[in-house]
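I opened my notebook to look into how this chain is packed, and I am writing down each thing I looked up in turn.

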Amino acid sequence: MKGMTLEAVAKACDGIYHGSDGDKIKEVSAITTDSRQIQPQGMFIAIKGARSDGHAYIDSCYDKGALCCISEQELPGEKRPYIQVESSLQALKDIAQLYRANLDIKVVGITGSVGKTSTKETIAAVLSQKYKVLKTQGNFNNEIGLPLTIFRLTEEDEIAVLEMGISDFGEMTRLTKIAQPDICVITNIGLCHLENLKSRDGILKAKTEIFKSMNPDGTVILNGDDDKLITISEVYGKKPVFFGIKNTAGIYADHIENLGLEGVRCRIHMAADNAVQTENQTENAAEDFTVQIPVAGEHMVYNAMAAAAVGEALGLTAEQIKTGIEGMETIAGRNHIIRENGFLILDDCYNANPMSMKASLDVLQDGAGRRIAVLGDMGELGENEVQLHEEVGEHAGKCDIDVLICTGKLCRNMAERAQRTNPDLKVIYEPDRESLLEHLEGYVQDGDTILVKASHFMKFEEVVTKLENM
């Protein structure tokens, strides 16, 4: 890992180096917090978790060839190199910040209330048409996951596309200090994490902390149809690049054609006079183009426009942007379509908030056969959690679907409101996931299109697995 000598690492995390001078100048080959993933000449950071203490695995990491370990404890009699720190968690972030600074790469940081992952996937698909891209995997978007993602970077990588998720004030400040993004993308300001952030204004304040440690000569790309984001007139003296459907002042889309579960077609106008100008930009980058997005839902048009804006900023042609968007693939739990056992399953079970839940219900309406929504509780909505579940229930009642199955304590409010909104809608309530799994087979039949969505803590991936194995 470039520049990651034990001496430099110890300095970065304000640690005490224990070991020989000869080892001090050696570079580590890889860094991990998982003892099972240690590599020869790698570094293990021992973190105390809720279930286990990484310090218990230090000896086994040395046995597997680790060059050095980070420890909060003194290791009496240990002859092999280790760095003693006050906080391993803080050391993890400090070391990641050092490694990021050592790499000559561009970083795209993505945040927002809804659509971070699908936007990240779309942007990565576009940029991969020209560059070697590393992107966030799974839920590695927080104060532990982001450093671990950065440690996956190599000198061959040219661009990192990093998802950045938060739930409280100050978190984004710490994340952006690590990532130091050159391009910042904010998808929207919706209703999520209200327990700590309280309101959409609070969410706006927390999300825009992403600007604090970004490259001051970098680019900010924002959803111009979002009433909160449109209030941002400049960042470090530069105007943001806006994208939208209603707002046509920047990059915008029209001629939107819903293709059902096969995706959506639209025309994207690059608005060259408002787009970012870079030394890499080509003459063709600002051309308008028609594109077929292979993922269902008109909300995917916003992801495509964000990716087009990032692509143009980094010098891609319109043809490269179009090819990237059309070639993107979905991932499990995120707008993922599964055809199994006579069902078409819309696997969107990774997470949920009111905005994304309504968008997924809209997509379900395009399904064939009976359209069934299997929905679970949404978390971190604060004092308005009952009202917000009721609002989703009202939306479900107005949608053209056949069956609504609600699961969880809060979802009782969703079920009751849906039934009041549409007495003809078949509404089923299950108190918990276990009860749902027990009765699910009796609720579905061949030919159904089934949406599965809930917040992550509901573990609705088990519902998807059940449907796949009926």
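I began with the nonpolar cores of this predicted model, and I found that the largest one has 83 residues, with Met 43, Ile 83, Ile 95 and Phe 211 making the most contacts inside it. When I asked which element gives this core its largest share, I found helix 4, residues 88–102, which contributes 6 residues.

I then looked up Met 43 by itself and, leaving out residues up to four places away in sequence, noted that Met 43 touches a set of residues including Leu 6, Val 9, Val 28, Ile 38, Cys 68, Ile 83 and Ile 95.

Next I turned to a pair of helices. I noted that the axes of helix 13, residues 385–398, and helix 14, residues 411–421, come within 7 Å and cross at roughly 35 degrees, and that this crossing is right-handed. On the side of helix 13 the contact includes Val 386, His 389 and Glu 390, while on the side of helix 14 it includes Met 414, Arg 417 and Ala 418. Sorted by class, the contact has 5 nonpolar, 5 polar and 4 charged residues.

Last, I checked the cysteines: how many disulfides does the structure hold? I counted 0 disulfides. Cys 399 is in none, and the nearest cysteine sulfur, that of Cys 406, is 12 Å away. I also recorded that Cys 399 is buried, because its relative accessible area of 7% is under 20%, and that Cys 184 is buried too, with a relative accessible area of 0%.

Definitions and conventions
Residues numbered from 1 in each chain as written. Predicted model: local features only at pLDDT ≥ 70, side-chain atom pairs only at ≥ 80, totals over all residues. Heavy atoms only, no water. Axes fitted to C-alpha atoms, helices over the stretch in contact; angles between N-to-C directions. Helix = DSSP H or I, 4+ residues; strand = E, 2+ residues; numbered from the N terminus. Left-handed = near helix turned anticlockwise from the far one by under 90°. Contact = heavy atoms within 4.5 Å. Nonpolar A, V, L, I, M, F, W, Y, C, P; charged D, E, K, R; others polar. Disulfide = S-S within 2.5 Å. Buried < 20%, exposed > 50% of the residue type's maximum accessible area, 1.4 Å probe, protein only. Core = buried A, V, L, I, M, F, W, Y, C linked by side-chain atoms within 4.5 Å.
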